[in-house]
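Subject: Structure handover

Hello,

Please find the structure below, followed by notes on what was found in it.

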Amino acid sequence: MIRSLRRVEPGCRVSVLCLTPSCEQVLRRLSEPGVTLISLADFERDNPDVLAIKNTRCTRDYYFTLGSCLVTSLIQEAEPNEIVTYLDADLSFYSSPAPIFEAMANASVGLIGHRFHRWTKRLEKYGRFNVGWVSFRYDIVGREAARWWRDSCIEWCYACVDGDRFADQKYLEHIYARFPKVVEITHPGTNIGPWNICRHSVKRGAAGTFVVDGQFPLIFFHFSGLREVEPDLYLCSNVSYLGPFSKTVRTGLYAPYIRLLEQIRRELGDIPPDPSPVWIDYPPPRRRMLAPVIRLAGRLAGHYVRRDPGVKPQ
C-alpha cells in the first residue's frame with residue numbers, strides 16, 4: 001500500500017500503528033521514506049482508555065477498535081484545514097487520489113460507500129460505507145466526528161451485527177447522518193473491490209493505468225480477503241461476494257500485486273513470527289460440508305490466482 005501510494009502521491013506522509021513487534025521490525029528494515037512508525041505499546045501508553053478495554057475483546061475486535069483511535073490521535077497533530085485519512089493496509093493505488101480531495105473541498109469528513117452490486121446487496125447489513133478509506137479535516141466538525149467515532153468504538157466494537165452497529169464500520173453511517181459537512185465520495189475509481197467488481201468495468205489504459213467504466217481512472221483497489229491457500233496459490237475473494245473476476249482483474253491487478261508481495265517477502269528474508277492471535281474461529285459443520293463446492297465456485301469465478309515464478313514484479 002505504502003509504495004503504491006508514494007508512486008502516485010510522492011509527498012504524502014504515512015503513520016503506521018504497528019500492531020505486533022514483528023510488524024514494527026519488518027517496517028524498520030524496509031525503511032520506507034515518509035513513514036512514521038508507532039509501536040502498539042507506545043500508543044497504548046498514550047491512550048490509557050484504549051488499553052483499559054484491551055482484555056475485554058479478542059485480538060480481532062481490539063484491532064477493529066484501534067483504527068478510529070489512531071486517526072483521532074493523528075488529527076490532533078495536524079495543521080488547521082489539513083486532512084487526515086485512515087487507510088486499510090490492503091489497498092493499492094494506481095493514480096492520484098486528488099479527485100477524492102477535490103470532492104471534499106467544502107467537507108469536513110469524506111466517506112466511501114461499498115457500492116455493492118446486486119448480488120451482494122444482502123451484505124449492506126455490515127455497513128453502507130467501507131472503512132478502508134475514511135478522511136477527516138482538521139476543523140471543528142472533523143475533529144468532533146473523529147472523536148465521536150473513537151469514543152463509540154471504545155464503548156462497543158465487535159465483529160457482529162448488533163442493531164445499527166457492526167465493528168468500527170457501521171458507525172460511519174451514524175457519522176453521515178449525525179454531522180454536517182460529511183460527503184460521500186462517489187468517484188467510480190475509488191475502493192473497487194470484490195464486493196462491487198461486477199458493477200464496474202475495469203480495462204487497461206495507457207502506460208500501465210486502468211480505466212473504470214470507460215472514463216474514470218482507477219484510483220485504488222481494495223484487495224480485501226486475499227490470502228495464500230497453498231504455496232504460490234492465492235484465493236482473492238470471499239465466495240459470498242459471488243462476482244466473477246475478468247481476465248484484466250486477475251492478470252492486471254491481482255497477479256502483479258501478488259508478485260509485489262512476493263518481492264517484499266524476498267527482500268525481508270526470514271520474517272520473525274508473532275504469537276498466535278487470541279481467537280479461534282471454527283467453521284460450522286454445514287460450511288465444512290460445503291467446502292468442496294465453495295472451492296469449486298471460487299475456481300469457476302476466477303477467484304484463484306497462481307503466482308508465476310518466472311515473471312518479475314513490475
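At 1% relative accessibility, does Asn191 count as buried or exposed? Asn191 counts as buried, because its relative accessibility is 1% and buried means under 20%. Asn191 lies in the loop between β9 (182–185) and β10 (202–204). Its phi is positive, at about 55°, although Asn191 is not a glycine.

Before the rest, please keep in mind that this is a predicted model.

Overall picture

The protein has ten helices and 16 strands. Of its 314 residues, 47% are buried. Among contacts with a separation of 6 or more, 73% are between residues 24 or more positions apart.

The loop between β9 and β10

His200 is in the loop between β9 and β10, where Asn191 is also found. With 12% relative accessibility, His200 counts as buried. Leaving aside neighbours within four places in sequence, His200 is in contact with Arg115, Pro188, Ile192, Val212 and Asp213.

Another partner of His200, Arg115, sits in the loop between β5 (109–113) and β6 (129–137). Arg115 counts as buried at 15% relative accessibility. Phi of Arg115 is near 55°, which is a positive value in a residue other than glycine.

Helix α5 covers residues 59–75 and helix α7 covers residues 140–155; their axes come within 8 Å and cross at roughly 150°. The two helices are therefore roughly antiparallel to each other, as an angle over 145 degrees counts as roughly antiparallel. The crossing of α5 and α7 is left-handed.

On the α5 side, the contact is made by Thr65, Ser68, Cys69, Val71, Thr72 and Ile75. These meet Gly142, Arg143, Ala146, Arg147, Trp149, Arg150, Cys153 and Ile154 in α7. By class, the residues of the contact of α5 with α7 are seven nonpolar, four polar and three charged.

Thr72 is buried, with a relative accessible area of 2%. Not counting residues up to four places away in sequence, Thr72 touches Ala146, Arg147 and Arg150, which are among the α7 residues in the contact with α5.

Helix α7 also passes helix α8 (residues 171–178): the axes come within 10 Å and cross at roughly 145°. This crossing is right-handed. From α7, the residues in the contact are Ala145, Trp148, Trp149, Ser152 and Cys153. From α8, they are Tyr171, Leu172, His174, Ile175 and Arg178. The contact of α7 with α8 has seven nonpolar residues, two polar and one charged. Trp149 and Cys153 are listed in the contact with α8 and also in the contact with α5.

Aromatic residues

The count of aromatic pairs comes to 16. One of them is formed by Phe93 and Phe220, whose ring centres are 5.3 Å apart and whose planes are at 40°, so the pair is tilted. Why does this pair tie together parts that are 127 residues apart in sequence? Phe93 lies in strand β4 (residues 91–93) and Phe220 in strand β13 (residues 220–222), so the pair joins parts with that separation. Both Phe93 and Phe220 are buried.

Elsewhere, Phe221, Phe223, Phe245, Tyr254 and Tyr257 form one aromatic cluster.

Strand β2

Finally, there is Ile38, which is in strand β2 (residues 35–39). Ile38 is buried, with a relative accessible area of 19%; the value falls below the cut-off, since buried means under 20%. Not counting residues up to four places away in sequence, Ile38 touches Ser15, Val16, Leu17, Cys18, Phe43, Leu70 and Leu74. The C-alpha atoms of Ile38 and Ser15 are separated by 7.2 Å, with the two residues 23 residues apart along the chain.

Regards

Technical notes:
Residues are numbered from 1 along each chain as its sequence is written. This is a predicted model: local features need pLDDT of at least 70, side-chain atom pairs count only at pLDDT 80 or more; totals for chains, interfaces and linings use all residues. Side-chain values use heavy atoms; hydrogens and water are left out. Axes are lines fitted to C-alpha atoms, for helices over the stretch in contact, and angles run from 0 to 180 degrees between N-to-C directions. Helices (H or I, at least four residues) and strands (E, at least two) are DSSP runs, numbered from the N terminus. Angles under 35 degrees count as roughly parallel, over 145 as roughly antiparallel, 65 to 115 as roughly perpendicular and the rest as oblique. A crossing is left-handed if the near helix is turned anticlockwise from the far one by less than a right angle, and right-handed if clockwise. Contact means heavy atoms within 4.5 Å. Ala, Val, Leu, Ile, Met, Phe, Trp, Tyr, Cys and Pro count as nonpolar, Asp, Glu, Lys and Arg as charged, and the others, Gly among them, as polar. Rings of Phe, Tyr and Trp (its six-membered ring) pair if their centres lie within 6.5 Å; planes under 30 degrees apart count as stacked, over 60 as edge-to-face and the rest as tilted. Buried means under 20% relative accessible area, exposed over 50%, partly exposed in between (1.4 Å probe, protein chains only).
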